[in-house]
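Subject: Handing over the structure

Dear colleague,

I am passing this structure on to you, with the sequence and coordinates placed just below. Please look through them, and then read on for what was found.

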Amino acid sequence: MSSVGDSAMRSHHGVTIGAMLILLLLSGCQRDQTIELLNVSYDPTRELYRKLHRMFAEQYRAETGKDVRIRRSHGGSSSQASAVMNGLHADVVTLAVRPDIDAIAKTGRIRSDWLTSQPNRSLPYTSTIVFVVRRGNPKQIHDWDDLVKPGVQVIPANPKTGGGARLNFLAAYGAFRKQGNSEAEALEKLGVLYRNAPVLDGGARSATITFVRKNIGDVQLTWENEAELEKIELGDAIEIIRPKVSILAEPHVALVDQNVDEKGTREITQAFLQFLYSETAQEVIAQEFYRPTNPTIAEKYRDRFPPMELLRVDDVVPGGWDAAQKRFFASGGIFDQIYRK
C-alpha cells in the first residue's frame with residue numbers, strides 16, 4: 001500500500017512540476033513577445049504620456065494582436081538629451097526645445113532631416129510660458145515688468161539644463177524688447193529677474209516642487225500645462241497669470257534612428273508617433289492643457305487657452321534657435337554673464 005501511495009504521489013508531483021515548468025516557459029514566451037519602447041521626455045509630460053502610452057498600447061494590441069509597453073524617462077530637457085547622446089537607448093525623444101534634438105542628431109543617432117520627418121514640423125502640440133502666483137496675488141504680478149520689482153522672488157528653472165527654462169528666458173527677453181526696451185535695457189531687466197531668483201532648479205517639475213511644496217517664491221515661471229496641473233491640485237491656493245506676450249513653445253518629437261534600427265523597433269515607434277496626431281490622442285493632449293495642432297480639436301478646446309500674443313523664437317532672436325543657443329545659453333554666453341553678476 002505504501003509503495004503504491006508513493007508511486008501515485010511521485011506521479012502527482014511529476015505532473016504538477018511539469019505543468020509548472022510549462023506555465024513558466026509560456027509566461028517567459030509571453031514576456032518575450034511584449035515589445036518594449038523607451039520614450040525620453042522632458043519634465044512636465046509625465047501625466048500626458050502615461051495616458052498616451054496606455055491608449056496606444058491598447059489600440060496597437062487591438063489592431064495587431066501584439067503587446068507593447070512604453071517606458072518613460074523624464075527630466076530637464078537638456079539633461080535628457082545628454083543621456084541619449086551618452087547611450088540611453090531611447091526609441092523616441094519628445095523634448096522641450098529643438099536644440100536638444102539637434103544636439104542628438106549631431107552625434108548621428110538621429111537623422112539630420114528629423115524636423116520634416118513627422119507632420120507639422122514634428123510638432124503634435126505646442127505650449128507657452130505663464131506665471132503662477134499665490135492666493136490673491138499679493139505682489140500684484142500681471143506682466144513681465146512686475147518680475148523685476150524689488151522684493152519679488154521669482155522661481156524659474158536653470159536654462160543650462162531645462163528646455164522650459166530657456167523658454168522662460170526667451171519669453172522675458174522677447175517681452176521686454178516688445179515693450180520698446182533697447183537691447184541693453186532688456187538684458188539689464190533679465191539680470192534683475194535672475195537676481196530675484198533664490199534658487200534655480202534643474203527642470204520645470206523641480207521648480208514646481210520648490211514653489212508649491214517648499215513654499216519658496218512669489219511667482220513661478222512655468223509651462224502652461226504645468227500651471228493648470230498645479231491649479232487642479234491646489235485650487236484657490238494659487239492663481240494663473242497669463243502675460244500679454246509670451247513665447248510659442250514647440251516641443252518636437254523624433255525617432256532615435258540608430259537605436260530603433262539596432263532594436264528592430266522602427267515600425268512600431270513610427271506607429272506611436274503617428275498616433276500622437278490622431279484625433280484620439282489630440283483630445284487627450286488638449287484635456288491635459290497642451291495646445292493641440294489638429295485645427296478641429298483646437299477649436300473644440302479653445303476656451304481652455306485664453307488669447308495671448310505668442311512670439312516664435314525666430315521673432316525674438318534673428319537666426320532662431322541656432323543663434324539663441326549660441327548667444328544666450330552656450331558656455332560663457334549671455335546667461336552665464338548675467339548669472340555671474
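Arg 266 itself is partly exposed, at 28% relative accessibility, where buried means under 20% relative accessible area, exposed means over 50%, and partly exposed lies in between (1.4 Å probe, protein chains only).

Before going further, please keep in mind that this is a predicted model, in which local features need pLDDT of at least 70 and side-chain atom pairs count only at pLDDT 80 or more, whereas totals for chains, interfaces and linings use all residues. Residues are numbered from 1 along each chain as its sequence is written, and side-chain values use heavy atoms, with hydrogens and water left out.

**Salt bridges**

By the rule given above, the count of salt bridges comes to 31. One of them joins Lys 178 to Glu 309, with the closest N and O atoms 2.9 Å apart. Lys 178 belongs to helix α6 (residues 163–178) and Glu 309 to strand β12 (residues 309–311), so this pair ties together parts that are 131 residues apart in sequence; helices (H or I, at least four residues) and strands (E, at least two) are DSSP runs, numbered from the N terminus. Both partners are partly exposed, Lys 178 with a relative accessible area of 49% and Glu 309 at 34%.

Another salt bridge links Glu 250 with Arg 312, where the closest N and O atoms are 3.5 Å apart. Glu 250 lies in the loop between β9 (245–247) and β10 (253–255), while Arg 312 lies in the loop between β12 and α14 (313–316), so the pair ties together parts that are 62 residues apart in sequence. Here Glu 250 is buried, with a relative accessible area of 13%, whereas Arg 312 is partly exposed at 29%. These two residues also take part in a network of salt bridges that links Arg 121, Glu 250, Arg 312 and Asp 314.

**The sheet**

Four strands form an open sheet in the order β6-β7-β5-β8, with mixed pairing; two strands pair if DSSP finds at least two bridges between them. The edge strands, each pairing on one side only, are β6 (154–155) and β8 (238–241). Strand β6 pairs with β7 (residues 219–223) in the parallel sense over 2 bridges, and Ile 155 stands opposite Gln 220 in β7.

**Nonpolar cores**

In soluble globular proteins, nonpolar side chains tend to be buried together. A nonpolar core is a set of buried Ala, Val, Leu, Ile, Met, Phe, Trp, Tyr and Cys residues joined through side-chain atoms within 4.5 Å. The largest such core in this model has 70 residues, and those with the most contacts inside it are Trp 144, Phe 169, Leu 170 and Phe 328. Helix α6 supplies the largest share of this core, 8 residues. A second, separate core of 14 residues includes Leu 38, Val 84, Ala 90 and Val 256.

**A buried serine**

Finally, Ser 78 is found in helix α3 (residues 77–85), and this serine is buried, with a relative accessible area of 13%. Leaving aside neighbours within four places in sequence, Ser 78 is in contact (heavy atoms within 4.5 Å) with Asp 100, Lys 160, Thr 161 and Arg 166.

With best regards

How values were computed
Salt bridge = Lys/Arg side-chain N within 4 Å of Asp/Glu carboxyl O.
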